[in-house]
Amino acid sequence: MSEAGLEELRDKLDSIDNKLLELVNERMEIVHQVGLLKAQSGGAIYRPEREKAIIDRLESLNKGKLNRTAIEALFLEIFAISRNLELPENIAYLGPEGSFTHQAAEGRFGAMSSYISISSIKGIFREVDTKKAKFGVVPIENSSNGIVTDTINSLKEYNLKIVAEVVLDIHHTLASTCDKIENIKRIYSKDIAFEQCRKFLTNFGLNEVELIPIESTTKAAKIASKEPFSAAICPHVGAKLHNLPILFENIEDKDNNKTRFFIISDFENAQSGNDKTSVLVELPDKQGSLVEFLTDFNNAGINLTKIKSHIVEGNSIFFIDFDGHQKDDNVKDVLEKHKETVKVLGSYVKEIKDI
């Protein structure tokens, strides 16, 4: 291509960018007006079901090279900027900065939002409950390690609502200042990360070095960046945050390793047409109580997608996911029948059936 031809294409791109900027600013003006109306009525700023409806509509109109993933990436960032203009609100996440929970939070709320790093799951619930944060982001389950007990306990203790779920692919790296893998004498990471990368460690003889568990993979990267002959198993963003060279990418044993996160807040979602509901159930200690409970869901045509048993404060409790919204007619009837034993945690847009 000639220089003149390239310059012509660049001029066209510049013209399109100018129009995009003008249109986005026009959208933000309307967003500002919406924010004023919501401030008067007390309406929620974050409406996952509305965002899903917009993306569904745009995908149906799309005739270009963008796929749904690209449309979501583009517009979720625009939505995040819009929310910040309507009403800047704090988002509490399980820290430190660069953790997988932080990534999940940024993926939904964008880079411009105000984030608060909290050291415990219960602490996140406390921040949202006391209105110091509008939203909290907490892990609920991992495809390799199961349900997060601290999240279940906090969902039982606090009267907050699940307003969205986020599913994140979990990838680990081995990062170190050592040029050669044989020079590594100790590796820092979370105990769960060591378990998820066991085959890699064994294959490279690193199961023979000292494996030091600490509270976060991001802290592991920070330590390894300063300590000679050490390494960290950490996410890519954690290594980048501490300028720690990456020796190996994607070292996890399973290539479908995912973690599911809940976004919690103090409001309930409207129906979207593609919802999931989570509940906690504490059934009477008598023969057939679980079978009777599950039969009622089956008779109502409600698809249960997950049922997990836990012990909370010495009592057996069930965490259950099912398709549908708590305000759907068939769901309302079942929940009303079992209102003494069921705590509805929230209905929200379904991102994935299960992990």
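**Entry 1: the whole chain**

Among contacts between residues at least 6 apart in sequence, what share joins residues at least 24 apart? I looked this up before anything else. The share is 75% in this chain. I note here that the model is predicted.

Next I went through the secondary structure. I found 12 helices and 15 strands in the chain. Then I took the dimensions of the C-alpha trace. Along its principal axes it spans about 70 × 60 × 35 Å. I also checked burial. Of the 355 residues, 45% are buried.

**Entry 2: helices H5 and H6**

I turned to a helix pair. H5 runs over residues 121-129, and H6 over residues 149-157. Their axes are 9 Å apart, and the packing angle is about 30°. Angles under 35 degrees count as roughly parallel, so H5 is roughly parallel to H6. I noted the handedness too: H5 and H6 cross in a right-handed way.

Which residues make the contact? On the H5 side I listed Ile-121, Lys-122 and Phe-125. On the H6 side I listed Asp-150, Thr-151, Ser-154, Leu-155 and Glu-157. I sorted the contact of H5 with H6 by class and got three nonpolar, two polar and three charged residues.

**Entry 3: the two sides of H12**

I moved on to helix H12, residues 329-337. Its buried residues are Val-331, Val-334 and Leu-335. Why do I place them on the same side of H12? They cover an arc of only 95° around the axis, so they share a side. An α-helix has 3.6 residues a turn, so residues three or four places apart point the same way.

I then looked at the other side of H12. There, Asp-329, Asp-333 and Lys-337 are exposed. I also asked what covers the buried residues of H12.

**Entry 4: Leu-168**

Leu-168 sits in strand E5, which covers residues 161-169. Is Leu-168 buried or exposed? Its relative accessible area is 17%. Buried means under 20%, so Leu-168 counts as buried.

I listed its contacts, leaving aside neighbours within four places in sequence. Helix H4 covers residues 100-109. I then took one distance. Leu-168 and Tyr-158 are 10 residues apart along the chain, and their C-alpha atoms are separated by 25 Å.

**Entry 5: backbone details in loops**

I ended with the backbone. Where is there a cis peptide bond? I found one from Gly-95 to Pro-96, with omega near 10°. Pro-96 lies in the loop between strand E1 (90-94) and helix H4.

I also noted positive phi values outside glycine. Lys-131 has a phi of about 70°. Lys-131 lies in the loop between H5 and strand E3 (135-142). With a relative accessible area of 56%, Lys-131 is exposed.

Phe-229 was another entry for my list, with phi near 60°. Phe-229 belongs to the loop between helix H9 (217-226) and strand E9 (230-234). Its relative accessible area is 44%, so I marked Phe-229 as partly exposed.

Conventions
Residues numbered from 1 in each chain as written. Predicted model: local features only at pLDDT ≥ 70, side-chain atom pairs only at ≥ 80, totals over all residues. Heavy atoms only, no water. Axes fitted to C-alpha atoms, helices over the stretch in contact; angles between N-to-C directions. Helix = DSSP H or I, 4+ residues; strand = E, 2+ residues; numbered from the N terminus. Parallel < 35°, antiparallel > 145°, perpendicular 65-115°, else oblique. Left-handed = near helix turned anticlockwise from the far one by under 90°. Contact = heavy atoms within 4.5 Å. Nonpolar A, V, L, I, M, F, W, Y, C, P; charged D, E, K, R; others polar. Buried < 20%, exposed > 50% of the residue type's maximum accessible area, 1.4 Å probe, protein only. Arc of directions from axis to C-beta.
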